[in-house]
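Let's take a walk through this model, one spot at a time. Keep the viewer open as you read.

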Amino acid sequence: MQWKSQLHNLKAYQPGKTMEDVKEQFNLEKVVKLASNENPFGCSSNVQSFISSEALSHAIYPDGYAKQLRMKVAGQLAVEPQQLIFGNGSDEVIQMISRALLDRTKSTVMAAPTFPQYKHNAIVEGAEVREIPLDGKGRHQLSEMLDSIDETTAVVWLCSPNNPTGEYIRKDELLHFLDDVPSHVLVVLDEAYYEYVTAEDYYDSIELLKTYPQLVVTRTFSKAYGLAGFRVGYGVGSIDVISKLEPIREPFNNNSLGQGAASAAIDDQAFIDECREQNRKGLQQFYEFCESSGLKYMKSQANFILIDFGISGDEVFQYLMSKGYIVRSGQALGYPESVRITVGSPEQNEELISLMKEFL
Ligand code: PMP
């Protein structure tokens, strides 16, 4: 029963401070949250119209199979509808994969630091966790990850762009990895920030599914689509792999409002293009600040940036919070001297940069 005692030591997810908490604690009128990589511009106006014109009966269970949304996403990605699985956020897709494939006899490989839910779910299932440090530039070391795979390994987690560094896995490295990974291993490529990517050499991961049947890509409506509160994410892979996950899915895991909101949002790709562009400009604001202040940072393809202040990240976090800006201290993210900042609107970025300048 060793794994159970490990499970009992596992901490529940700790949400950061809410805007209300911070308002009250520091007696502030206005608080801005740039801590959890949500979209500062909200969501498409299509979603607002869907909600106000919404004629759904809430007494009826949702379509657990999310048919309408499924058809739209399948059309957008040019995949078969059965290649998709929807979750209550991509968090739930990660959980379903872990439940389906991990147990006490299995091991799982991931980078470190990366998105913590891979490790969390692996511990819940009792699997052995093998963490391979990122390199100094915040990138996955794929050959080291490959070396740590053995016959017990069931799942490898790749995160591109990686949370919390924002770095992405390069195509040639990914292809080498996928060519060499043993066939008993499922490779999960978490692309929660895919819509923000501007790197010209970024690959079409959905296209890769045709060549690599053991690959599953996960994406979400929580980030660029601005629907974090609705909880909609999905996985896409071979029909064979996805059909093994479907029985694990809780029958009505995607609620009607979330499905409708995601369907409405997907029709407005102009909104996504605009958010990507605003985010690119926002990152530029932070790069310029870091360069003029002599701070180290990682180039990001996501909607956040990890900035190294060379002192305790908690101290920077506390200072900014007292001024009404909630960011994420790097302490719990594996970068104790950094803070992770979600790119905000141009005005929010400007104001936050002024506060950081004052702090320095
Ligand atoms: N993957 C990564 C890399 C993330 O950063 C997040 C959210 N922080 C998720 C998955 C989960 O997102 P959601 O459950 O909202 O889809």
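Before we look at how two helices pack, one convention: a helix axis here is a line fitted to the C-alpha atoms over the stretch in contact, and the angle between two axes runs from 0 to 180 degrees between their N-to-C directions. Also keep in mind that what you're looking at is a predicted model.

With that settled, find helix 12, residues 269-293, and helix 14, residues 346-359. Angles under 35 degrees count as roughly parallel, so helix 12 and helix 14 are roughly parallel to each other. As for handedness, the crossing of helix 12 and helix 14 is right-handed. If you want to see who does the touching, helix 12 brings Gly-282, Gln-285, Phe-286 and Phe-289, while helix 14 answers with Pro-346, Asn-349, Ile-353 and Met-356. Sort the residues of that contact by type and you get five nonpolar, three polar and no charged.

The peptide bond leading from Ser-160 into Pro-161 is cis, with omega near -5°. Pro-164 lies in the loop between strand 5 and helix 8 as well, and here too there's a cis bond, joining Asn-163 to Pro-164 with omega about 20°.

Now for some backbone torsions. Ala-78 isn't a glycine, yet its phi is positive, about 55°. You'll find Ala-78 in the loop between helix 4 (67-77) and strand 2 (84-87). Is Ala-78 buried or exposed? Ala-78 has 8 C-beta neighbours inside 10 Å, so it counts as exposed; the cut-off for that label is 12 or fewer.

Arg-231 is another non-glycine residue with a positive phi, this one near 60°. Look for Arg-231 in the loop between strand 7 (215-220) and strand 8 (233-236). Arg-231 has 22 other C-beta atoms within 10 Å, so it is buried; that label takes 20 or more.

Last stop: the ligand. How many residues surround the ligand, and which are the closest? There are 13 of them, and the closest are Gly-89, Asp-91, Thr-220, Ser-222 and Gly-233. By type, the shell around the ligand divides into four nonpolar, seven polar and two charged residues.

Terms used: Residues are numbered from 1 along each chain as its sequence is written. This is a predicted model: local features need pLDDT of at least 70, side-chain atom pairs count only at pLDDT 80 or more; totals for chains, interfaces and linings use all residues. Helices (H or I, at least four residues) and strands (E, at least two) are DSSP runs, numbered from the N terminus. Angles under 35 degrees count as roughly parallel, over 145 as roughly antiparallel, 65 to 115 as roughly perpendicular and the rest as oblique. A crossing is left-handed if the near helix is turned anticlockwise from the far one by less than a right angle, and right-handed if clockwise. Two residues are in contact if their C-beta atoms, placed from the backbone, lie within 7 Å. Ala, Val, Leu, Ile, Met, Phe, Trp, Tyr, Cys and Pro count as nonpolar, Asp, Glu, Lys and Arg as charged, and the others, Gly among them, as polar. A residue is near a molecule or strand if its C-beta atom, placed from the backbone, lies within 6 Å of it.
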